[in-house]
Amino acid sequence: MAAAVGRAGSFGSSSSGLGSAAAFSSSSAATATTNNNAELRAGGDEDDGQNLWSCILSEVSTRSRSKLPSGKNVLLLGEDGAGKTSLIGKIQGIEEYKKGRGMEYLYLNVHDEDRDDQTRCNVWILDGDLYHKGLLKFAMEASSLKDTLIMLVVDMSRPWTALDSLQKWASVVREHIDKLKIPPEEMKEMEQKLVRDFQEYIEPGEDFPASPQRRNTSLQEDKDDSVILPLGADTLTCNLGIPVVVVCTKCDAISVLEKEHDYRDEHFDFIQSHIRRFCLQYGAALIYTSVKENKNIDLVYKYIVQKLYGFPFNVPAVVVEKDAVFIPAGWDNDKKIGILHENFQTLKAEDSFEDIIIKPPVRKFVHEKEIVAEDDQVFLMKQQSQLAKQPPTAAGRPVDASPRVPGGSPRTPNRSVTSNVASVTPIPTGSKKIDPNMKAGATSEGVLANFFNSLLSKKTGSPGGPGGVGGSPGGGGTGGAGSNLPPSAKKSGQKPVLTDVQAELDRISRKPEMVSPTTPTSPTEGEAS
C-alpha cells in the first residue's frame, strides 16, 4: 500500500507536475472567464445606458410633437358694426369690449387638459373700412400663412348686405395672399391639404376615434392611404389654401325682420342657400351666432381650436333651427342645399339675391324746429310795453263804454260822493239776484239801482203817511203825473239832489230794457230835466 502509495505518490509526484500545469491552466481559464464576464457585464451596462437615453429622447420627441404649438392666428374681417370685437370678447368672457380702430389685436387662451399644456392663439380684427386693408401685412405673413384661419363675419340684422360683404372681404384676402409671393410648390401643398381635409370629413357618430379625449397629433403621411372622394363642380373653386369660417352674427334679429319687414321662412332659406353656396366655393364652415342670446359662441371656439390645434370635435351639423345653423367644412354639397329650395313658394332658386333681399326704405323722420325760450327779462319787458298800450280800467268793474242817454241831469258833488260810496257799499241781502245772462255793464247798473231804491225807501217816508214814493200824505202833490217827489223833498237844498238821483235811477232801471240806442227818453227824465 505504501509502495502503491509511493508509486502513487511518485506517480503522484510526477503527476503533481502535471497537476501543477493543469492547475495553472485552470486558473488561467478562470481568470479569462472572469474577464469575459466583466466585459459582458460592461457591454450590458452600456446597452442599458443607450436604451435609457433612447427612451428619454423618444419621450422628449413625443412631448415636443404633442405640445401645443404657438404662433397660430385667427383673422376676422367684416363690415363696421357686424359684431367682430363683441364676438371675440364674448368668447373671452368679457361682456363689454371697447372697439378699436384700424387693426385690433386680441388673443384666446387655449388649454389642453389632457396634457396640462396651454398656449395663446393670436386674434387679429381688421377695421370695416377698406382704407385699412394695408394693415393685413402685420397679421398675414408668408411664414405664418399656413397657421392662419380666416373668419368672415356677416351681420344678419342687415341680410341685404350679406353676399356683397362676403365677396368683398374674400377678394381682399385673395389679393393679399397673392402679394405675399409664396412659392408655387408650397401654395399647392396648402391647397391640396385643404382639399384633403374637406374630402375626409366624417360625420360624428359614424366613426368615433379610439381616444376622442386626445388631440390628433398624427402626421399627414398617415392619411395618404385614405380614399379621397371627388369634389363637386362648385366646391373649392376659390381655394385660398387656408381654412375659412363664415360667422353670421346678430341672429336674434331674425324675429325683428319677421315683424317689421315681413320676412318669411322662405326668405331665410333663400339667404341661407346663397351663403352656403359661397361657403362651398371657399370650402368654408358656416355658423349662426348671437352674442345677445349667447347662442353658438362656445361652438365657434371649439371649431377654431379643432382646425388650428387638432382638438376633438364631435358636433354634428344643424340645419333645422333657422337662427342656430351650423355646417362644418366638408359636410355640405349641392344636393343638401337643394333641400332648401323645396320650401320655396313665391321664390325661385335661380332668383338674384339683390332682387329678393332688398334694403327696406329708410323712414324719414321730420324733426320739428327747436323752439328756444327767450330770456325772462326780455319777456317781461314785452309784457310791460303791451300793458302800457292798453287803456286804463276802473278798479273792481269794467268801464261803461255805452253811450249816455240824452237828457240826463248834470253831475253834482253830492252825486259823485254818493256814487263813490255805492261802489264800496255791500249789496243788501234783500236785493234781487243778478241775471247771469245780462252784460257786465248792465249787471253793475242793476246793482246800483237796487241799492238806490233801498236807500230812498228808507229816507223818503214821512211820519203822517205810508211813506210811499208816489204821492203826499194828504193826497196832494205837485199836481203832475210825472212828479212823484214827497213833501220832504221840497226842503231847501234837497230838491235838486233828489231829483237828480231819481232821474238817474229811472235811467238805470230802464236801460236794460232798451232794444236799441234810439229808444225815446222817458217822460220822467224829461220833466226832471
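Predicted model: local features only at pLDDT ≥ 70, side-chain atom pairs only at ≥ 80, totals over all residues.

Q: What makes α7 count as largely enclosed?
A: Buried means under 20% relative accessible area, exposed means over 50%, and partly exposed is in between (1.4 Å probe, protein chains only). In α7, 15 of the 18 residues are buried, so the rest of the structure largely encloses this helix. Helices are DSSP runs of H or I with at least four residues, strands are runs of E with at least two, and both are numbered from the N terminus.

Q: How do you know how far α7 is expected to reach?
A: The expected span is 1.5 Å times one less than the number of residues. For the 18 residues of α7 that gives 26 Å, and the helix reaches 26 Å from its first C-alpha to its last.

Q: How many residues of α11 are buried?
A: The count is zero among its 14 residues, so by the cut-off for buried this helix is hardly covered. Helix α11 covers residues 376–389 and spans 20 Å, close to the 20 Å expected.

Q: Why is the Phe278 and Tyr282 pair called tilted?
A: Rings of Phe, Tyr and Trp (its six-membered ring) pair if their centres lie within 6.5 Å; planes under 30 degrees apart are stacked, over 60 edge-to-face, and the rest tilted. By this rule there are nine aromatic pairs. Phe278 and Tyr282 sit 4.8 Å centre to centre with 35 degrees between the planes, so the pair is tilted. These two are four residues apart in α7, so about one helical turn separates them. Both Phe278 and Tyr282 are buried.

Q: What do you call the Tyr309 and Phe311 pair?
A: With 6.4 Å between centres and 80 degrees between planes, that one is edge-to-face. Tyr309 and Phe311 are both buried.

Q: What makes Lys336 sit over the ring of Trp331?
A: The rule asks for NZ of Lys or CZ of Arg within 6 Å of the ring centre and within 35 degrees of the ring normal. The charged end of Lys336 is 3.8 Å from the centre of the Trp331 ring. Likewise, Arg120 lies over the face of Tyr107, at 4.0 Å from the ring centre.

Q: Why is Gln345 called exposed?
A: Its relative accessibility is 72%, so Gln345 counts as exposed. Gln345 is in the loop between α9 and α10.

Q: Why do Glu79 and Lys168 count as a salt bridge?
A: A salt bridge needs a side-chain nitrogen of Lys or Arg within 4 Å of a carboxyl oxygen of Asp or Glu. Glu79 and Lys168 meet at 2.7 Å, N to O, so they qualify. The two are 89 residues apart, with Glu79 in the loop between β1 and α2 and Lys168 in α4. At 21% relative accessibility, Glu79 is partly exposed, and Lys168 is too, at 24%.

Note on methods
Residues numbered from 1 in each chain as written. Heavy atoms only, no water.
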